[in-house]
Amino acid sequence: MSKSVKAIHSINDFSTLTVTPQIQVTLDCNSDCSYCFQKHYGGIMDISTIDIILQKSLSINKRNGFFANNNTMPVTWHGGEPLLAGVEFYREVVGIESQVSDIVFDNRIQTNGTLMTEAFAKFFVENNFAVGFSLDGPEDLHNQNRNFRNSGNGTFADTMYGIELYRSYANPDQIPVIAVITSASLGREHEIYEFFKQIGAKVQLDIYDIKCLDMSSSTQNHTNVFDLAPTSEEAGQFLINLFDLWFYDQTRKVEFSDMRDEVKMILQPKINIGDPFKKKRCDFKRTIFAPDGKVYSCDQYINDEKSALGDIRKDSLEDILERKACLWEEIKLHVRESGDNMACSSCQWGSQCSGGCMTCMKYSSLLLNARSEGLADNHWYSSELTSPLKEVSGEFYYCDGLRAFRSHVKEAVAQELSSV
């Protein structure tokens, strides 16, 4: 173990590291979404690799206290498009899981819905899989960025068919949906709200991410960055408009989980969730397993084998998680704690925000720059961060807009309480 890793080891107690697997069943996909960060290729993960992932995850979680409060382990099945694996693949998965008597697997799968069949719908219901769908809103908005790979046709009709097919078997209170918000969504808050209300959705908003490659090179033309991405001000106003539609709607036929979390944050200001370091939906326990067995700290890195933390088929999960923890300490040391453009500590929402991807994006940019300069990956911090990424402060590209949104939420909640 290197001297720097030994120093980091004194900061972290690696015996407490646990894992919630996100298993990328395949990187292949039948869709070709314009904003997707993945390269789509390859086959389906071998079922023997699934067995290894689950067994090693269970082992380290049992040893390190993951099951102290309950006997459930979340497992997320992802892609690419995970339904490409076919229903028999997941029957084998459930067969492996059924051999474990003392732990319940909380299986969750995220799909574009276009490959949903009666067999899949029935299987997911019978085996208690939580199913989430990718759906951006009304047909023209959804089809603007979500198209089939081979034909180029929009996927909306097939996605809606898949949702309704699943609903006919599951009969859920609300359909879980992830909706990507782009510049095309601006000014259409009412349409988007009414659409999700009509289908009875529980929506998680995903504002289009500025990507590292969009902003890391000083020689790149950045004029097209906002073709898909709203500006910070636009993102804030979009959230304000959507919040008002949701907050004052007494029908409660649509849920926006992000909006409810924001209200909770206002009502419980003393809750401190710690330093923000990734997106709100990220968790340090979340670990990404690629189809070939390679392991990554984030699915944004999955097309870069050099960034893999190890191979679950060959390496111990303990060693992989230690590398992950050490890398994060190095990233914090050289990016977060360098003192450059890190506004979280002075932000009124800093202790509750959960932030965004900006620290990791800066790390990725430095890593790519180091490689272009012929430096080894472990000397990534020796390169220079370039504009415009260098000028971004905080953990979220949309920090200013998010602050304006939260101020609006705070005022709305205060007015509502005063009228009670």
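1. A residue counts as exposed when its relative accessible area is over 50%, and as buried when that area is under 20%. In this predicted model, asparagine 171 has a relative accessible area of 62% and is therefore exposed. The residue sits in the loop between helix 6 and strand 5, and its phi is near 50°, a positive value in a residue other than glycine. Most residues other than glycine have a negative phi.

2. Glutamine 174 belongs to that loop as well, between helix 6 (156-170) and strand 5 (175-181). Its relative accessibility is 22%, so it counts as partly exposed. Although glutamine 174 and lysine 202 are 28 residues apart along the chain, their C-alpha atoms are separated by 5.6 Å. Beyond residues up to four places away in sequence, glutamine 174 touches Gly200, Ala201, Lys202, Arg252, Lys253, Val254 and Glu255.

3. Arginine 252, one of those contacts of glutamine 174, lies in the loop between helix 9 and strand 7 (255-256). Its phi is also positive, near 55°. With a relative accessible area of 43%, arginine 252 is partly exposed.

4. The largest nonpolar core comprises 94 residues, and those with the most contacts inside it are Trp77, Tyr90, Met116, Phe124, Phe196 and Phe256. Helix 9 (residues 232-247) supplies the largest share of this core, 8 residues. A second, separate core has 22 residues, among them Leu327, Met361, Leu367 and Val392.

5. Leaving out residues up to four places away in sequence, its contacts include Ile23, Val25, Ile50, Tyr90 and Phe129, together with Glu97, Asn107 and Arg108.

6. Apart from neighbours within four places in sequence, glutamate 97 is in contact with Leu54, Trp77, Phe105 and Asn107.

7. Helix 2 (residues 47-63) reaches 25 Å from its first C-alpha to its last, close to the 24 Å expected for its 17 residues. Its buried residues are Thr49, Ile50, Ile53, Leu54, Ser57, Leu58, Ile60 and Asn61. What covers them includes strand 1 (20-24), strand 2 (72-78), helix 3 (87-98) and helix 11 (317-334). Just after helix 2, glycine 65 takes a positive phi of about 85°.

8. Finally, a cis peptide bond joins glycine 79 and glycine 80, with omega about 20°. Glycine 80 is in the loop between strand 2 and helix 3.

Definitions and conventions. Residues are numbered from 1 along each chain as its sequence is written. This is a predicted model: local features need pLDDT of at least 70, side-chain atom pairs count only at pLDDT 80 or more; totals for chains, interfaces and linings use all residues. Side-chain values use heavy atoms; hydrogens and water are left out. A nonpolar core is a set of buried Ala, Val, Leu, Ile, Met, Phe, Trp, Tyr and Cys residues joined through side-chain atoms within 4.5 Å. Buried means under 20% relative accessible area, exposed over 50%, partly exposed in between (1.4 Å probe, protein chains only). Helices (H or I, at least four residues) and strands (E, at least two) are DSSP runs, numbered from the N terminus. Contact means heavy atoms within 4.5 Å. The expected span of a helix is 1.5 Å times one less than its number of residues.
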